[in-house]
Amino acid sequence: MGPMLAKITKIKKALKLRALYKNWILTIVEHRILNRPTIVVKCGDGSLNYIARSTYDRILSLLDEGVVTRCVGNLLELNVGGRTHVVPFREFDTTGKINSVLRALASGWAYRGGLWEKGGVRFVHMYWPIIETFEEGQYDVVDARGKQVVDVGAFVGDSAIYFALKGAERVYAIEPHPLAYEELVRNVGLNGLQGRVVPLNLAISYVEEYVSIPPG
């Protein structure tokens, strides 16, 4: 593809933003000219959303592919597998999260009532480790039935919940990060596994010292 053709293709792609954002011209200025790390986008109803540059690029690509179809009320409407899904912008705060959301929707997960749900399993937010655990079967070789499991680095509880649902007697879910731990506790409650999954806001180290956990 020659430079001129590539430029025309980019322009045609950018013009599709008219169907998504009311302030589409301003978003292009913020992204292409001002190089802002965060882009402010205005949906059809006037609601504002603040998204990272990489997320802006990925959404534009998905719009070009016909996956993203509409933006309204802090929500993105997507067409995945011939079905329409509505997911909040907050589930797209990083490129990695976008890929997780698309894989989740393609795998039968649904976002409804503020939660992700499939087959009675629920999570507050969707992350790739949930995909790895419940869709790619990375722990399927582990027989946890009737056993005590120690899950070090439990994150938001994906593997701890998985082991409990697979018959573990009790799972000790150790997660040092306060925000991940808070979400872990919520996810355990959403799945009715209080008592069987024991969340512990601790860090494991081979030396006796304090562990510093960054807030983000």
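Is Glu135 buried, exposed or partly exposed? With a relative accessibility of 24%, Glu135 counts as partly exposed, where buried stands for under 20% relative accessible area, exposed for over 50%, and partly exposed for what falls in between (1.4 Å probe, protein chains only).

The model is a predicted one, so to speak of local features takes a pLDDT of at least 70 and side-chain atom pairs count only at pLDDT 80 or more, while totals for chains, interfaces and linings use all residues. Residues are numbered from 1 along each chain as its sequence is written, and side-chain values use heavy atoms, with hydrogens and water left out.

First, the overall picture. Of the 216 residues in the chain, 39% are buried.

In helix H2 (residues 24-33), the buried residues are Trp24, Thr27, Glu30 and His31. They cover an arc of only 125 degrees around the axis, so they sit on the same side of H2; the arc is that of the directions from the helix axis to the C-beta atoms. Ile25, Arg32 and Ile33 are exposed on the other side of H2. Asn35 has a positive phi, near 55 degrees, in a residue other than glycine, and it is partly exposed at 48% relative accessibility.

Helix H3 (residues 53-64) has twelve residues and runs 17 Å from its first C-alpha to its last, close to the 16 Å expected at 1.5 Å a residue; the expected span is 1.5 Å times one less than the number of residues. Thr55, Tyr56, Ile59, Leu60, Leu62 and Leu63 are buried in H3. Seen down the axis, the buried residues of H3 fall within an arc of 165 degrees, so they line one face of the helix. Gly66 follows H3 and has a positive phi, near 85 degrees.

What about cross-links? One disulfide turns up in a search of the whole structure, a disulfide being a pair of cysteine sulfur atoms within 2.5 Å. The partners are Cys43 and Cys71, with 1.8 Å from S to S. Cys43 lies in the loop between strand S1 (38-42) and strand S2 (48-52), and Cys71 in strand S3 (residues 68-72), so the pair ties together parts that are 28 residues apart in sequence. The link of Cys43 and Cys71 is left-handed, with -70 degrees about the S-S bond. Both cysteines, Cys43 and Cys71, are buried.

Next, the charged pairs. Side chains of opposite charge can pair when their charged atoms come close. The whole structure holds seven salt bridges, each counted when a side-chain nitrogen of Lys or Arg is within 4 Å of a carboxyl oxygen of Asp or Glu. Among them is the pair of Lys118 and Glu135, whose closest N and O atoms are 3.0 Å apart. This pair links distant parts of the chain, with Lys118 in strand S7 (residues 115-118) and Glu135 in the loop between helix H5 (128-134) and strand S9 (148-152), 17 residues apart. Lys118 is partly exposed, at a relative accessible area of 28%. Another salt bridge joins Arg112 to Glu117, with 2.8 Å between the closest N and O atoms. Glu117 is buried, with a relative accessible area of 18%. Arg70 and Glu77 also meet in a salt bridge, 3.3 Å from N to O, and Arg70 is partly exposed at 41% relative accessibility.

The loop between S9 and H6 is worth a look too. Phe155 is placed in this loop and has a positive phi of about 55 degrees although it is not a glycine. Phe155 is partly exposed, with a relative accessible area of 27%. Val156, in the loop between S9 and helix H6 (158-165), is buried at a relative accessible area of 1%. The C-alpha atoms of Val156 and Leu179 are 8.8 Å apart, and the two are 23 residues apart along the chain.

Notes. Helices (H or I, at least four residues) and strands (E, at least two) are DSSP runs, numbered from the N terminus.
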